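Subject: Structure handover

Hello,

Here is the structure I promised to pass on. My notes on its cores and helix packing follow below.

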Amino acid sequence: MFASNLDTSLVYLKGVGPKRAELLQKELGFSTYEHLLSHYPFRYIDRTRFYKINELLPDMPLIQVVGKIMTKETIGEKHKKRIVAKFADDTGTMELVWFQSLKWVEEHIYRGNNYIAFGKPNFFNGSFSISHPDLETYPRQNGSVTGNLTLQPIYNSTEKLKKAFLDSKGIQKLIYHIIELHINEIRETLPKYILDKYKLIGRKEAIINIHFPANTNMLQQAERRLKFEELFFIQLQLLYNKHLRSLKFKGSLFQNVGEKVNTFYNEIIPFDLTNAQKRVIKEIRLDTQRGSQMNRLVQGDVGSGKTVVALMSMLLANDNGYQACMMAPTEILARQHYESLVGMLKGELVKVGLLTGSTTKKQRTILHQQLENGEIDILVGTHALIEDKVLFHNLGLVVIDEQHRFGVEQRAKLWRKNSIPPHILVMTATPIPRTLAMTLYGDLDVSVIDELPAGRKPIDTKHLYENQRMRMFGFMKQEIAKGRQVYIVYPLIKESEKLDLLHLEAGIEQLSYQFPLPQYQVSIVHGKLSNADKQYEMQRFIDGKTQIMVATTVIEVGVNVPNASVMVIENAERFGLSQLHQLRGRVGRGAEQSFCILMSGNKLNPTSKKRLETMVRTNNGFEISEIDLELRGPGDITGTQQSGTIELKVADLAKDQVILQEARNTVIEIFDQDPQLVDPNNSLLKSFLAKRNTGISFDKIS
Ligand code: ADP
Ligand code: MG
């Protein structure tokens, strides 16, 4: 991190050389000593515990046994040739077997000597053996690399590295060399007052102990220190970006609550806002009066009423002479937003436009004109909005719905359209666990709508197995007879779109027997349909002309049909938790009791089971997101849904919430007390940022 001999190229490390250096670069991206030092073990094997041979059990993990080599012989021919040794302690005998490096074993392993044999025991024909054991002479010799290690580090390696003798052991040796020679060049990165406050050990001690733990306690301290450091510097960077943005970007001022907001609020809106909605609107009001750019994320469960919050914010922009736009991830959603905004506004309060991929050239030309001369107050659309030709007269606010489908890059593109960047309001119905939000969106302000409008009945969720399918059909018929509508959703997995379509078709065929025409009408929507066809099918369902909507997950987000009261999810075990929750949110939007039926195969693995149980037990999106994080790990969540991934070496967002909170609080305090980092105590932090941010323009940061 700071210039020192640790920036030396790995070529110069004892035991590396040009070939292995190239391999380390290619396989792991390592080129310096520092890189290798930051390659932490992914687990440790406890080598304090010794097993007796009569204690061995089939299916044990790696273990160690102290014993004596009684006999050693080479048997078999050619590729079946191997060395087998009888290895005994005072409780019994087992075998040690080698298929490779026979010459070395021949010359270095002695009959009659005592060894510690380490490896995974195999159980065959009533006796145990270890293939290619790790052997150490017993008693252990001091001073060798692993000689007095009680917790043996295990490192990630790759097949190619292993062929070059850089398996876990080989990597361990290299790291040992670095520590041996350069121990005093490991520099502290955290100010002393922080170490003192959180009782963290120094970086040098931590690095030594993460690789070669003196004991369990030191390993824990090393991990804690390195986790803190990792999370701290992520937070430092995020909050620094935020700070810079607020300095650099002026924001448009929305000083006045004017005629449009007032008319809407006092005369048009048909319900009372929930307290949560009011609070979030107030937060947005404050943000837009500061003179700096707002970057706010609004999280709210499906049905919590984010649209009206967005609308009131856009009217606020309009009241202050600015245009606003709202982006949705799909054409269907954009259209639906457009219609619900126009519907909510009831008339001519403001002019709303719609721009999507299927807007015709002619309409587009007119729209562009109306945008440029300021006639349109609110523009709703898909990413067609960020096409370069679209120019606003005076864009003051951008609302982005379900932002995880819009990349950071795309957001930045929008900004560049204006000299004063518009305020940004990001809305998501995917509740994100707190730790993940702090890390992924650490540079945004976060509002939470944690309350549903009054009178909503919680959705009743049931899990049925395949052999209970007739019950499900019966229930559907009952609900349809009451005038309700039903969704049936099939999973869609990219790798096998064909297979999914087959599933869908088989499902539809089965349905057609259960729900014959003309009594029952069915809409079908899937990814292979043209936009126009999708639109048509959706519309029939929205208008109540069809009772059943069969769909793949294209209906996932935002679709709003209040009369639909049953959501059936087929192959529910194939969906992730947050996706199941999203889908369930399509119902429960009207006054009627709604239901979600999770259909699954008869056999479930423990994770699927836990997912479905969680769905049945709770409707709380935040609770579900926490369990999702636990079950999947943050990697999955960031990789599949969010733009941009966070790579963490030691910290684990599912487990290290306390450390993360400490790290974030520390950074917040630092920027509060010393925003320019002029205090000499913060000089390490200042040089970290200076080094990380040379040449980075604000555009790139955003
Ligand atoms: P989401 O947060 O999922 O986007 P919507 O904004 O689509 O939710 O709102 C869901 C439904 O709840 C809409 O029909 C909307 O008109 C209604 N709604 C929103 N806020 C309230 C409220 N405070 N009281 C009653 N109904 C509300
Ligand atoms: Mg919505």
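Start with the largest nonpolar core, which has 50 residues. A nonpolar core here is a set of buried Ala, Val, Leu, Ile, Met, Phe, Trp, Tyr and Cys residues joined through side-chain atoms within 4.5 Å. Buried means under 20% relative accessible area, exposed over 50%, and partly exposed in between (1.4 Å probe, protein chains only). Phe228, Phe232, Leu236, Leu379 and Phe671 touch the most other members. Helix H8 (residues 216–248) is the top contributor, giving the core eight residues. Phe671 is in contact (heavy atoms within 4.5 Å) with Leu236, Leu239, Tyr240, Leu677 and Leu689, leaving aside neighbours within four places in sequence. There is also a second, separate core of 40 residues, and Tyr322, Leu349, Val352 and Leu397 are among them.

A note on the basis. This is a predicted model, where local features need pLDDT of at least 70 and side-chain atom pairs count only at pLDDT 80 or more, while totals for chains, interfaces and linings use all residues. Residues are numbered from 1 along each chain as its sequence is written, chains are lettered from A and ligands numbered from 1 in the order in which they are written, and side-chain values use heavy atoms, with hydrogens and water left out.

Now the overall picture. The chain has 25 helices and 22 strands. These are DSSP runs numbered from the N terminus: helices are H or I with at least four residues, strands E with at least two. Of the 702 residues in the chain, 52% are buried. Among contacts with a separation of 6 or more, 73% join residues 24 or more positions apart.

Next, helix pairs. H7 (residues 203–211) packs on H8 at about 120 degrees, with the axes 8 Å apart. Axes are lines fitted to C-alpha atoms, for helices over the stretch in contact, and angles run from 0 to 180 degrees between N-to-C directions. That angle makes H7 oblique to H8, since under 35 degrees counts as roughly parallel, over 145 as roughly antiparallel, 65 to 115 as roughly perpendicular and the rest as oblique. On the H7 side, the residues that meet H8 include Ile207 and Ile210; on the H8 side they include Leu219 and Leu226.

H19 (residues 577–584) and H20 (residues 606–617) pack at about 35 degrees, axes 10 Å apart. Leu577, Leu580, His581 and Arg584 in H19 meet Arg611, Leu612, Thr614 and Met615 in H20.

Best wishes
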